[in-house]
Amino acid sequence: MVEIKEEGERLILVGISTGEQEDTEASLKELGALAKTAGAQVAGTVIQRREAVHPGTYVGKGKLEEIRDLLWELEADGILCDDELSPAQMSNLQEILDTKVLDRTLVILDIFAARASTSEGKIQVELAQLKYRQSRLAGAGKALSRLGGGIGTRGPGEKKLEMDRRLIRERIGQLGRELKDVRRHREVQRSGRKRSGIPVAAIVGYTNAGKSTLLNKLTGAGVLEEDKLFATLDPVTRALVLPQGQEILLTDTVGFIQKLPHHLVEAFKSTLEEAKYADFILHVVDMSSPRMEEQMHVVYETLRRLEVMNKPVITVFNKIDRTGEGQIVRDFQAERTVRVSARTGEHLEELLKAMEEVLREQKIYIERLYSYSEAGKVQLIRKFGELVSEEWEENGVRIRAYVPREIYGKV
């Protein structure tokens with residue numbers, strides 16, 4: 001597996017524009033941020049306008065000559081392509097340019113490998129890396145395979161290839177079994193949360209939108225905050241008490257990104273599925289980004305891939321401290337929208353109010369006089385519901401409250 005490890009490694013970014021040139025430039029800017037996060041430097045940028053990506057070499061013959069000259073002029077160590085390269089494209093580019101060739105998927109996998117700190121995260125990343133590598137070996141295997149050709153038909157190269165393929169298959173199987181155990185453990189945790197009756201909100205959003213900053217500001221979670229893509233990788237769940245006394249759990253998830261490798265979506269499915277089992281979604285958006293609309297689209301598309309449907313969404317337009325109040329922002333797919341600054345804490349009380357309103361819509365309103373012998377029911381309402389008023393009378397406690405459907409039968 002190729003990894004970016006050397007400090008200051010210089011790379012030339014290469015992209016294909018099949019539509020709007022501005023989109024490709026923005027995508028390459030994000031690719032440059034990924035390279036920087038992985039520890040590399042951007043030496044230069046090359047964009048080719050084509051109707052489609054070249055199936056053999058990603059870019060055309062003329063552009064290959066230009067890239068070869070640039071590698072020499074800029075003293076670059078390799079190239080980084082903005083799409084996932086096929087095994088044939090990577091092999092051809094390495095042979096023609098005689099340099100290191102990386103693609104977007106490889107860099108994202110490398111960042112994930114560096115950021116994973118929990119055993120679950122490390123298993124998921126290694127599994128994604130091996131599946132990526134396996135697809136490259138499979139491509140070479142078809143070209144070299146001579147099984148069944150009789151004695152003397154196996155060369156040393158093919159023997160090494162078959163050994164690599166077998167070892168990767170075995171390791172993928174082992175990691176798959178370990179990941180099943182992790183998923184079972186996560187499902188037990190989810191079942192426990194469901195039985196407790198405490199609502200869960202999943203924080204989702206494009207990478208570097210400010211999800212961890214928001215979680216820290218609301219709960220004091222102490223999660224790493226850094227102005228880098230994928231600054232935090234492992235999911236964190238923290239409790240939050242809303243102004244009316246309702247306790248909820250906030251779960252941070254890994255950031256989404258354009259062209260998120262399918263290997264990662266599969267490997268991180270158990271982590272990303274936190275959104276699937278949440279009571280509602282907090283969609284954090286960087287409103288200072290010029291690509292805000294596109295990033296919102298990527299998030300919703302990723303949620304659809306994860307089959308996260310019919311969940312109430314509160315869109316949190318973050319970083320108002322960078323843009324001011326005048327910017328017009330909207331999200332027609334959300335039940336509510338709030339503008340905040342997670343960094344300064346501005347307008348967070350409006351977000352808490354919106355969360356209470358969304359939860360209230362999922363509850364049943366009750367008005368009842370509980371005798372003093374039913375104090376346990378009142379305590380249940382205090383813990384899991386939203387208490388509107390509580391009046392102590394001679395015969396008991398008069399309660400007006402919103403309670404979750406799950407505990408309505410108990411109170």
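Predicted model: local features only at pLDDT ≥ 70, side-chain atom pairs only at ≥ 80, totals over all residues.

Modeller: Numbering starts from 1 along each chain as its sequence is written, and side-chain values use heavy atoms, without hydrogens or water.

Biologist: What makes β5 and β7 a pair?

Modeller: Strands are DSSP runs of E, at least two residues long, and helices are runs of H or I, at least four, numbered from the N terminus. Two strands pair if DSSP finds at least two bridges between them. β5 (residues 200-205) and β7 (residues 247-252) share four bridges, in the parallel sense. So they meet the rule of at least two. In β7, leucine 250 is the bridge partner of alanine 201.

Biologist: Why are β6 and β10 called edge strands?

Modeller: The open sheet runs β6-β7-β5-β8-β9-β10, with mixed pairing. β6 (236-241) and β10 (336-339) each pair on one side only.

Biologist: How do you know that α12 lies across this sheet?

Modeller: Contact means heavy atoms within 4.5 Å. Helix α12 (residues 348-361) lies across β6, β7, β8, β9 and β10. Axes are lines fitted to C-alpha atoms, for helices over the stretch in contact, and angles run from 0 to 180 degrees between N-to-C directions. α12 runs at about 165° to β10.

Biologist: What leaves one side of β11 and of β12 without a neighbour?

Modeller: The open sheet β11-β13-β12 has antiparallel pairing. β11 (363-370) and β12 (386-393) each have a single partner strand, so one side of each lacks a neighbour in the sheet. The twist averages 10° from one strand to the next. Eight bridges join β11 to β13 (residues 396-404). Isoleucine 366 stands opposite alanine 401 in β13. Helix α13 (residues 375-384) packs on this sheet, touching β11, β12 and β13, at about 150° to β12.

Biologist: What makes the largest set a nonpolar core?

Modeller: The term means buried Ala, Val, Leu, Ile, Met, Phe, Trp, Tyr and Cys residues joined through side-chain atoms within 4.5 Å. Buried is under 20% relative accessible area, exposed over 50%, partly exposed in between (1.4 Å probe, protein chains only). The largest core has 76 residues, and Ile12, Ile79, Leu93 and Ile381 touch the most other members. Helix α4 (residues 104-115) gives the most, six residues. Apart from this core lies another, of 26 residues, including Ile203 and Leu359.
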